[in-house]
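Colleague: Before we rely on the terms used for this fold, I would like to hear the grounds for each of them. Could you show me the model?

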Amino acid sequence: SSVVLTEDTDSFIIGDRVWVGGKRPGTIAYIGVTQFAPGDWAGVVLDEFVGKNDGSVANIRYFQCEPKKGIFSRLTRLTRTPLQEDDEMSVSDAGVGNSHGHSHIPQPSTTPPSRQGSTLSGRGLKVGDRVIVKSSTGSKTGMLRFIGQTQFAAGQWCGVECDDPVGKNDGSVFDVSYFKCRPQHGLFAPIAKVSLSPSPNRRPSCSVHPPGPERQNTDSSISSMSSASAIGRKTSRPGVTSKLTSPTSIEDGNVKSVAKASAAVLKDREVYIEQLLKERDMERLAVTRAASQAEEAERQLDMLRQELRQAKEVAEATQADLQHQVAELAREKQDMVNLMDEDHSKLEDVNFRLEEETLARVELEVTSKTLEEQVKQLQQDLELEKTRTTQLQEDSRRLREEESTLERTAESTKTEIQQMKAERDRLTIELAEIKDQSVEWKNKFEEVLKIRMEMETQMLNFKTEKESELINLTLRFNESESRVKESEKNCSELKLKLEHITNQIVKNKETFLEEINTWKEKCNNLLDENKKNKLEEVAKVRMEMEAQMLNFKTEKELELKSLTLRLDETENKFKESEKNSSELKLKLEHINNQLTKDKETFL
């Protein structure tokens, strides 16, 4: 919310006694970052059951408490003492500013940082100040570029351009630009964590200008004069005698050098004098201009004094009216203050409800995800149910056909019932006549009733017996069907065994023929080798082979006979089971017909 109840949020620790919004008392159980909203939040255990949770939001637990006692709030919304109406009004004047009548939805500042010169009341911050941002990782210095509400979070935020690349953006968050700076130099922080820097930036000292041409000219003139005097001194020294070959040429050279030096000094001094004259003319022009400007300023001052006298007279005339208006405005202000008190209390309730609704929205998102998963599961179940419904529709179609047959029978029974009713009416009339005639008919009627009760009991007994017979017949029918299925399985297994045995016989015949051929070859070889000596052995071997063949044939024939007998038995059993099943079906139909007839007779 935009209302700042406490600026010193760093002093709060876990276990402190606080009031949420200045109204709900409780104890801090959690301070830190959450997953349901950005920024630092405080988890408070309230004294009464007026909270929203038990310390967890969206299946993420931050602290433990009883249900409906936990609540999350911004640190700026906590106070150490309960707030009265006067305190709430002062807080709203200092923290909220002129927020009455504006939308509570946070909007970014549309004016650029250079033009946004608004100062935050109570903290002395304005755009362009040097500030320090407090954080858990340390303090960061920079220039304040933005103050106001944002779209990414509620409350008052400060946009700071850091001196070093320790920021997180370039002045824009979620494609919304609040100010412009270099990448990784922009940082947003709550106003409670921003303070003025004690050492603002200082302008660099001015550079020292090189000396002017006048100074250079004077130095050069002095050096030239000193060099000329030094040359003059060298020309003559007292007390020194020397032989001069050409004295006139030496004197001429000294005179020329002195003349040149003096001429250079004179030129320098003339240039310096010209510059001084130009500067004096410029100063005279500036003095004349200043005098003219001073005269104009005096004339304008006289005009302003006259205007001030007139304004004083007008102000004195309107002061009485203004005092009267001020009194009326004071009354209106008192009325507005009362309205502001009411609106402020309503606004706090709305802000608190908004925070609670954000938490409820997060929980609803989690529940919606679980519901979507359940919807997917239900869709799968629905597809299965569709397949089942198709089957049930087929069954219902069959049942409808059966119902149609039953309706036909019911119509026939209805006609009979109507006839019976007509007869009953006729009999009642006759009974009424007979009652008047004699008492004997009454006794007979009672006996008829007794006989009818006995018949009904007999019918019930008969019905129970028939139902038991039906159950037994159904059980026998099921057993016969199971036996038929078993016989079918046995038949299939026997057929498979027959096929397997026939295949084995064919294979054995082939192998046996191959062995006979090998034995024949061996016999021929033996005959070729020893026809005379081994005729008896060959005959014995042949006899043994023929005996083995006969035994093998007899064994296989016996197996085939036994299998054919088993097949015949199974076929007979199958036929008998079919006969039994048909007989049972006939018996069931007969019993059903009897039951229907008995019901009709009973009705």
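Colleague: In what order do the 5 strands of the open sheet stand, and is the pairing parallel or antiparallel?

Modeller: In this predicted model, the order is E15-E12-E11-E10-E16, with antiparallel pairing.

Colleague: What makes E15 and E16 the edges of this sheet?

Modeller: Each of them, E15 as well as strand E16 (194-196), has a single partner strand, so one side of each is left without a neighbour in the sheet. Direction ignored, neighbouring strands of this sheet are turned by 45 degrees against each other on average.

Colleague: How do you know that E11 and E12 are paired?

Modeller: Pairing requires at least two bridges between two strands, and 7 bridges join E11 to E12, which run antiparallel, so the two strands count as paired. Within this pair, Leu 144 stands opposite Val 160 in E12.

Colleague: Which residues touch the most other members of the largest nonpolar core?

Modeller: That core has 13 residues, and those touching the most other members include Val 131, Leu 144 and Cys 158. Strands E10 (130-133), E11 (140-149), E12 (156-162) and E15 (186-190) each give two or more residues to this core, and the largest share, 3 residues, comes from E12.

Colleague: What does Val 131 touch beyond its close sequence neighbours?

Modeller: Leaving aside residues up to four places away in sequence, Val 131 touches, among others, Leu 125, Leu 144, Val 160 and Val 194, where a contact means heavy atoms within 4.5 Å.

Colleague: And how much of the protein chain is buried?

Modeller: Buried residues, meaning those under 20% relative accessible area, make up 23% of the 603 residues.

Notes
Residues numbered from 1 in each chain as written. Predicted model: local features only at pLDDT ≥ 70, side-chain atom pairs only at ≥ 80, totals over all residues. Heavy atoms only, no water. Buried < 20%, exposed > 50% of the residue type's maximum accessible area, 1.4 Å probe, protein only. Core = buried A, V, L, I, M, F, W, Y, C linked by side-chain atoms within 4.5 Å. Helix = DSSP H or I, 4+ residues; strand = E, 2+ residues; numbered from the N terminus. Axes fitted to C-alpha atoms, helices over the stretch in contact; angles between N-to-C directions.
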